[in-house]
Amino acid sequence: MRFVDEYRGGEDASKLLDAIRSSVTRPWVIMELCGGQTHTLIKAGIDRMLPDEITLVHGPGCPVCVTPMRLLDQAIAIARRPEVIFTSFGDMLRVPGSAADLLEVKSEGGDVRIVYSPLDAVKIAEANPDKQVVFFAVGFETTAPANAMAVWRAERAGVENFSVLCSHVLVPPAMEAILGAPDHRVQGFLAAGHVCTVMGYWEYEPIAERHRIPVIVTGFEPLDLIQGTYMAVAALEEGRHEVENQYSRSVTRDGNIAAQKLMTEVFEITDRDWRGIGVIPDSGYALRERFVAFDAGLRFDVADIEAHDSGECIAGKIMQGIERPSACPAFGTRCTPERPLGAPMVSAEGACAAYYQYGRS
Amino acid sequence: MSDETRPGLAAGLACPIPISDYPTVQMSHGGGGRLSQMLIDDMFVAAFDNPVLAQLHDGAILDLAAGRLAFSTDSFVVHPLFFPGGDIGSLAVHGTVNDVAMCGARPIAISAGFIIEEGLPMEDLWRIVQSMRDAADQAGVPVVTGDTKVVDRGKGDGIYINTTGIGVIDDGIEISPRRARPGDLVLLSGAIAAHGIAIMSVREGLEFETTLETDSAALHELTAAMLERAGRNVHVLRDPTRGGVASTLNEIAAQAGVGIRIDEAPIPIDEEVRGACEILGFDPLYVANEGKCIAIVARESADEVLQAMRDQPLGARAAIVGEVVEEHPGKVFLRSRIGGLRVVDMLSGEQLPRIC
């Protein structure tokens, strides 16, 4: 398949791996920021093919994992209401709230539907004027443009029975938080190519400069990740700390200006609570005043619902690269995909799910 | 019964139940009275017409030679009822024919039980029955007995079909998941994941450049050709339906207490299906198939079994995709295209489309 097979070739992979082996002289810790990258690394077995000097730690870039428990409980409370059609991307449905997940709400009779685009949720609202249609608007800068577009269109078309439960988060503040933690050990970043497709990578330049850390914008195919790792190792060995772009087939320095404009029109920057990590200042998006009528949190009066994570889950440490999933005492025993303690065990981008599914213990 | 006396069939595709009288299935069609009789006679018996069914007994009476029988049942609850390349009717025939074939048997007859929701358009029922008839005719396996029930509107999903099949196992055939042993090779009959993606695309209204069709097909002629070539050296036959190739291989590994190692590169998959899986974030190894067979074969017979498969239309793209090993009993490992090794585990639930 074009644009896929080129990035999965065994021969090119072994050439790049040889190049990494011959350039590395001492141990380095590199964090891939995106959960999609974590899954490719583990699924393709790249973590086991890299030389021992290189330690990969897994970052916070799993949108499902960082969505706070409180918001899940709010989503569940809204989805249980008889007048509501609750729409979401598929992998939010299995994420545990404090007492249930959205799939259980569906089995209890709640109208919970998987959509592939938030615009489909707007269409459902137009087709069901006697229902309240809510979309669970989570994710990083990657999903924010489409979610902004849904709200913008709903406003323009006067679709009053549509609203979003919004918990968008942003990558640069998370990088700052990781580097600001006293016990952090990250020496280089592989930045998330799809986030940068939207936002560009100019935002990372001051971070790289201030923390003297190389940031390689990296794609999601096996060869992308091996090449991104090679570029990070080369930069570390040579003592460079720049932002470099491995994913140039998709990413430019400025990103997608039209998407950014729309996001700025619909969203404003706000403090956000990251599940397992805590509140990071200016780390997310909320709806602007003009669009506040589309805020499901206000419409259904669920803002007071509070919830706290189980004490046993160490997801926060895993998502900051401090611990590996396999280091968690509950991993594979008290925490499994069937009975998860935390979101990283059930999300398609969760590090614990990758370790469990692909047999890393 | 001649065509003149087979209502509906003589007129080609017309429904034998006068639509003007009963445009939809009524509760009385399952009540045991005249309307039930009409449905059975004019639709089911007419469509599935064969001497055994024509006896209209409480059950079918079949003449069999002595020997071993394979016996399998499956219920079909697919939504939507009609999908590209097939429908619940053809699926219900193929599914059970295949389950019997995977026991190493020649299927000789199937039953059909219908649970119909009140209000199902009679025309839809007729299309489904015709499709079953066509699938059964094509497979050469008659529908010899059946049952019909009608449930209240809202208590079913249009129609559920149960089919049960029996087949005869020839001497010298010994198929069992427990017979997988280290050194055996793993063969796959063709491109994977087509059925699951076809259903998904219509159910969710996903549009791709081409229409993705189910691979639903009866595999008993393929398996017969394989068994004819290698007999007892064919150790395991399975059709990887729900849960896909990954789940089936895990089941075999667990039952036989062996490890299975497969290679990603030779596993056949159509470009369109692969593209759809990429978009949805699905691993095609876990997506359902309805016309594919996995065979575990003694190494010395693998090449000739592969050739026998490739000589059949449904096995034209067959490939050797892996081997049975002593290491890691109960587990399946996959070597990725770039050479990395990983576990292929059972899925915990359904695959859900991912966020980004």
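Me: How far apart are the centres of domain 1 of chain B and domain 2 of chain B?

Reply: Domain bounds come from an automatic or database domain assignment. Here that assignment divides chain B into domain 1 (17-169) and domain 2 (177-343), and 28 Å separate their centres, taken over C-alpha atoms. Keep in mind that this is a predicted model, where local features need pLDDT of at least 70, side-chain atom pairs count only at pLDDT 80 or more, and totals for chains, interfaces and linings use all residues. Residues are numbered from 1 along each chain as its sequence is written, while chains are lettered from A and ligands numbered from 1 in the order in which they are written.

Me: How many residues does the contact take from domain 1 of chain B and from domain 2 of chain B?

Reply: Two residues are in contact if their C-beta atoms, placed from the backbone, lie within 7 Å. On that count, 21 residues come from domain 1 of chain B and 21 residues from domain 2 of chain B. On the domain 1 side, the elements giving two or more residues are helix 3, strand 4 and helix 4 (122-139) of chain B. Helices (H or I, at least four residues) and strands (E, at least two) are DSSP runs, numbered from the N terminus. Helix 3 of chain B brings the largest share of that side, seven residues.

Me: Which classes do the residues on that side of domain 1 of chain B fall into?

Reply: Ala, Val, Leu, Ile, Met, Phe, Trp, Tyr, Cys and Pro count as nonpolar, Asp, Glu, Lys and Arg as charged, and the others, Gly among them, as polar. The side of domain 1 of chain B that touches domain 2 of chain B has eleven nonpolar, nine polar and one charged residues.

Me: What is the strand order of the open sheet in chain B?

Reply: Two strands pair if DSSP finds at least two bridges between them. In chain B, four strands form an open sheet in the order 1-6-4-5, with mixed pairing. Strand 1 (68-76) and strand 5 (143-151) of chain B are the edge strands, each pairing on one side only. Going along the sheet, strands 1 and 6 of chain B pair in the antiparallel sense over nine bridges, with B:Gly165 as the bridge partner of B:Ser72. Strands 4 and 6 of chain B are also antiparallel, over eleven bridges, and there B:Gly113 stands opposite B:Asn162. Strand 4 (residues 105-117) and strand 5 of chain B pair in the parallel sense over eight bridges; B:Ile115 has B:Lys149 as its bridge partner.

Me: Which strands does helix 3 of chain B lie across?

Reply: Helix 3 (residues 88-101) of chain B lies across strand 1, strand 4 and strand 6 (159-169) of chain B, at about 30 degrees to strand 6. Axes are lines fitted to C-alpha atoms, for helices over the stretch in contact, and angles run from 0 to 180 degrees between N-to-C directions.

Me: How do I read a helix pair, and at what angle do helix 5 and helix 8 of chain B pack?

Reply: Two packed helices are described by the angle between their axes and the distance between the axes. Helix 5 (residues 194-203) and helix 8 (residues 271-280) of chain B pack at about 60 degrees, with their axes 10 Å apart. Helix 5 and helix 8 of chain B are therefore oblique to each other (under 35 degrees counts as roughly parallel, over 145 as roughly antiparallel, 65 to 115 as roughly perpendicular and the rest as oblique). The contact is made by B:Ala194, B:Ile197 and B:Ser201 of helix 5 and B:Val273, B:Ala276 and B:Cys277 of helix 8.
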